[in-house]
Amino acid sequence: MTKLLSNQLIVADIGGTHARFAIAVLNLQGETELRDYHRFACADYSSLAAIIRAYRDMTHKQLNQANSHASIAIAGVIEADQVRNSNLPWPVSNEQTIQESGLAQLRFVNDFAALAWSVPLINPANAIILNQGTASTLAGPVLVVGPGTGLGAAVWLPGPPSQVLATEAGHAALAAGNPQEALLLAQCWKSTPHVDNEMFLSGPGLLRLYRTLALMQGKASNLETPAQVSAAAIAGQDSIAQEAVETFCALLGSLLGDLAIYYGAQAVYLAGGIPAQISELLQKSDFRNRFLNKGVMRAVVENVPVYLIEPGQLALLGAAHWYWQTGVS
């Protein structure tokens, strides 16, 4: 494995809604610095290559146009030349993106894998504690999960060298934790044979949860976006929106407890746009009780700290760290 000698590259975090770009620079102390940060709306561009070209045009004075490298964190499964994710507004091919963007080299990493690569940079003191726990944060596997446009999840494994396991936990089957949630699943099974975690535990999922509850109760569903559902629940203006958010928090706690057991996590970082929007309701909800409701494993998950973090530019830092640590063949 040959390490790249360049100490500068484009880094990006591509989600279903927004694309975040920066220039990552490796300083003399071996630390990564981000410069020229910019956010783009994915729907405003015809392809990923179009966004890259726009960013390169903005930063041409800082980049060597003839030899630009990029490390891109992107939602989805990376299979050879293709990125597979139904939440992206356009198909993504590595080779085609290189050709159309003018990059010299491009590497993709799963977006939550990139976030997991940044785990050693996260300061728990800046996070909201959802479960106190007693385990040492970096002593074992660390789980990173986030509901946003979809549901991302990855696991950081300590080294040396440290490693990251990308997962598609969002597409695993959703488990009901009580009779009401079983009825929700039964309602969804009328239209699909597979109800996955992402179907409710995501931005679109929160809206679907709200509409499904309204349908089951024979009431009108007047809210049209996940943000409206969150806002109505926070304001106490809509009982169904409140129930939707409460159910969302409970299901999320249950899932994180399951994943912590699956991967032997010593800590859990919860990120994503939805938890940040409803942070106060999340802390008052049944989230923690459901996280701990693991039968004989309750004593184990009680020791696992759970933190609500603001990911900010962590995925960009993680994409750079991954690129420089793993190098290219």
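Q: What should I know about the numbering and the values before I start?
A: Residues are counted from 1 along each chain as its sequence is written, and side-chain values use heavy atoms, with hydrogens and water left out. Because the model is predicted, local features need pLDDT of at least 70 and side-chain atom pairs count only at pLDDT 80 or more, while totals for chains, interfaces and linings use all residues.

Q: Which peptide bonds are cis here?
A: Start with the general idea: most peptide bonds are trans. In this structure, the bond from Gly159 to Pro160 is cis, with omega near 10°. The bond from Pro160 to Pro161 is cis too, with omega near -15°. Pro160 lies in the loop between strand 11 (151-157) and strand 12 (163-167), and Pro161 is in the loop between these strands as well. Strands here are DSSP runs of E with at least two residues, and helices are runs of H or I with at least four, both numbered from the N terminus.

Q: How do I read the phi of Asp36?
A: Most residues other than glycine have a negative phi. Asp36 has a positive one, near 55°, and sits in strand 3 (residues 32-41). Ala80 also has a positive phi, of about 55°, but its place is the loop between strand 5 (77-79) and strand 6 (82-84).

Q: Is Ala80 buried or exposed?
A: Buried means under 20% relative accessible area, exposed over 50%, and partly exposed in between, using a 1.4 Å probe and protein chains only. Ala80 is exposed, at 81%, whereas Asp36 is partly exposed, at 36%.

Q: Which residues touch the most other members of the largest nonpolar core?
A: In soluble globular proteins, nonpolar side chains tend to be buried together. A nonpolar core is a set of buried Ala, Val, Leu, Ile, Met, Phe, Trp, Tyr and Cys residues joined through side-chain atoms within 4.5 Å. The largest one has 50 residues, and Val229, Leu256 and Phe287 touch the most other members. Helix 7 (residues 239-263) gives the most to this core, with twelve residues.

Q: In what order do the three strands of the open sheet stand?
A: Strands of a sheet pair through backbone hydrogen bonds, either parallel or antiparallel. Two strands count as paired if DSSP finds at least two bridges between them. Here the order is 5-6-7, with antiparallel pairing. Strand 5 and strand 7 (92-93) are at the edges with a single partner strand each, so one side of each has no neighbour in the sheet.
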